[in-house]
Amino acid sequence: MRAIVTLFRLLDRGDEPLVDCDTLRLLGGCDPDELVRSGVLVPAEPSMSLHATCGQCSVHDVVRVSRLTGVEFYEVCPFDGADLVEKNRLRQWAVDGRAIAELLASAMPDGGPAETLLPGVAWRIGEVQVGGESFPIVLTTTRSASRLADRSGASRMILIGDELPGEGFAGRLSITEAFAISSKQIKSRPERFAQVLPLSSVPLGNAFYRKGQMWVVRFEGQETYLENNVGPLYIARLLATPNRAVPAVTLLASRIGIDERQLIGSSGELTDEAAVEECRGRYHELMGEIDEAKANHDLGWLEKLQSEQDQLALHFASVLGKGGKPREVGDIKKVSQSVSVGIKRTLNVLDTELKPLADHLRAHLSRGVCPIYSPPAAIDWLV
C-alpha cells in the first residue's frame, strides 16, 4: 500500500503514466498483482524499451520477433548486440487515480465512495466535521488545483496531494500527513484535518492543539498561543480523555517522544521473567487492538483498551528499574513530580495569557501519580 503515494505522484506528471517492472523494483519490490487486484494498476501493452545496464546507454529498444514457437522479445544494444528478454520483464501498467481515491475514501471516518470532481485528476474522498461545520476532503493533482479553485465552495476544501497551492482553499496536506499507510492497510488521521485549518476557518470553540511549533489554545471565546514545551503536551492528552486517569509514566513517554513500548523495553527486568514477558505480550496486543478500535471508531471499546493499557504502563513503571533492580516507590514519585512541574509551568503561563482557562484547569485537573481532567460538565475540546 505504501506505493500508492509515489504512484499518485506519477499520476501528477501525466494523464496516463505507465509503470514498468524496473519502477516497481525502485519502489521497494511492490507486488504488481496485488496492486492490480486493488485496481491501482491496470495492465497495459508490454514496454518496448528497457533501462540499460550496459554502462554506455541509458535506454535499450526492444524488438519483437515472430517464431514458429511463438513471439520472442530482444533487448538491442548498439554496442553489445541483442539479448533475449523474458516477456514478464516487459510488463507495464497504467496508474488509476480513481482507484487510489477509493482506497483513501474507504479509510475516512465516513468510509463512503469517492466522488469525481474533475475526471482523472480530482476526487472528493470524504469530509471532516469541525465545530459543527463540514469541510470536504479532496484528493487532487497539483496541476488541477487551479481548476478546483474556481468551483463553488473551494474556500472550504482541504486538499490532499503533493506540492499543492494553499491560497483559495481551507487547507492542504500531503497524503502521508493525512493518512498512516503501512504495507497492508491505510488509516486516516482526522485530527490532522482539523489542525491544518486556518483559525479564521475554524468555528469558535474550545481548542488545545499543536500547530507547527506553537500550541493553539482557545477557551470561552478567548485565544492565545503557547510555546511547544512539555506542559501543553501533557494537558492536551488529559483534555482528550476527560474523567479518565492517565498514569504519569504514560505522559512521560509522550514527552520523551517515544511510544510506551520503548519506554518499557528500556526499564530492565523483573525477578519473574515469565510474568514480565506475559505483560509485555499483552501490552503489544493492546497497541494493535487500540489501532483497530480507532479505525472502527468504537469509542466504548477504545476507552476500555486505553484504560487497560494505562494500568499496564503504571505496573511496569512501578516494578521495573535500571540494571534489573526493583523500582522503588520513590521512582514513581519522581516521574509524577516531573509531569506535575511541567503542567504547573504551563498553568503559570496561562495565568497571564488566558486566565479563565488557567482557573478552569486548576479547579478540574488534578496532578499526581495518575493525573486526571474532570470537568463539572461535558466540554468539547478540539485537541
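Contact means heavy atoms within 4.5 Å of each other. Axes are lines fitted to C-alpha atoms, for helices over the stretch in contact, and angles run from 0 to 180 degrees between N-to-C directions. Helices (H or I, at least four residues) and strands (E, at least two) are DSSP runs numbered from the N terminus.

The model is predicted, with pLDDT of at least 70 required for local features and 80 or more for side-chain atom pairs, while totals for chains, interfaces and linings use all residues. Residues are numbered from 1 along each chain as its sequence is written, and side-chain values use heavy atoms, without hydrogens and water.

**Exercise 1. Describe the sheet that contains strand 8, and find the helix that lies across it.**

Step 1. Two strands pair if DSSP finds at least two bridges between them. The order 8-9-10-11-12 gives an open sheet of five strands with mixed pairing.

Step 2. Strand 8 (115–118) and strand 12 (171–174) are the edges, each pairing on one side only. Direction ignored, neighbouring strands are turned by 35 degrees against each other on average.

Step 3. Strand 8 and strand 9 (residues 122–130) run antiparallel and are joined by three bridges. Glu-115 stands opposite Arg-124 of strand 9.

Step 4. Helix 4 (residues 97–106) lies across strand 8, strand 9 and strand 10 (133–140), and runs at about 20 degrees to strand 9.

**Exercise 2. Identify the partners of strand 7.**

Step 1. Strand 1 (residues 18–20) pairs with strand 7 (residues 92–95) in the antiparallel sense, over three bridges. Asp-20 has Gln-92 as its bridge partner in strand 7.

Step 2. Strand 2 (residues 41–43) is also antiparallel to strand 7, again with three bridges. Here Val-42 has Ala-94 as its bridge partner.

**Exercise 3. Classify the aromatic pairs Phe-179 with Phe-193 and Phe-219 with Trp-381.**

Step 1. Rings of Phe, Tyr and Trp (its six-membered ring) pair if their centres lie within 6.5 Å; planes under 30 degrees apart are stacked, over 60 edge-to-face, and the rest tilted. The count by this rule is three aromatic pairs.

Step 2. The ring centres of Phe-179 and Phe-193 are 6.4 Å apart and the planes stand at 75 degrees, so this pair is edge-to-face. Phe-179 is in strand 13 (residues 179–181) and Phe-193 in helix 7 (residues 190–196), so the pair ties together parts 14 residues apart in sequence.

Step 3. Buried means under 20% relative accessible area, exposed over 50%, and partly exposed in between (1.4 Å probe, protein chains only). Phe-179 has 1% and is therefore buried; Phe-193 has 0% and is buried too.

Step 4. For Phe-219 and Trp-381 the centres are 5.8 Å apart and the planes at 5 degrees, so the pair is stacked. This pair links distant parts of the chain, 162 residues apart: Phe-219 is in strand 16 (residues 214–219) and Trp-381 in the segment after strand 19 (372–373).

Step 5. Phe-219 is buried at 4%, and Trp-381 is buried at 13%.

**Exercise 4. Which residues of helix 14 are buried, and where on the helix do they lie?**

Step 1. In helix 14 (residues 355–364) the buried residues include Leu-357, Ala-358, His-360 and Leu-361.

Step 2. Down the helix axis, the buried residues of helix 14 fall within an arc of 165 degrees, so they line one face. The arc is that of the directions from the helix axis to the C-beta atoms.

Step 3. An α-helix has 3.6 residues a turn, so residues three or four places apart point the same way.

**Exercise 5. Is Thr-241 buried or exposed, and is Asn-243 buried or exposed?**

Step 1. Thr-241 lies in the loop between helix 8 and helix 9. Asn-243 is in the loop between helix 8 (230–240) and helix 9 (248–256).

Step 2. Thr-241 has 10% relative accessibility, so Thr-241 counts as buried. Asn-243 has a relative accessible area of 51%, so Asn-243 is exposed.

Step 3. Phi of Asn-243 is near 65 degrees, a positive value in a residue other than glycine.

Step 4. Leaving aside neighbours within four places in sequence, Thr-241 is in contact with Val-246 and Gln-306.
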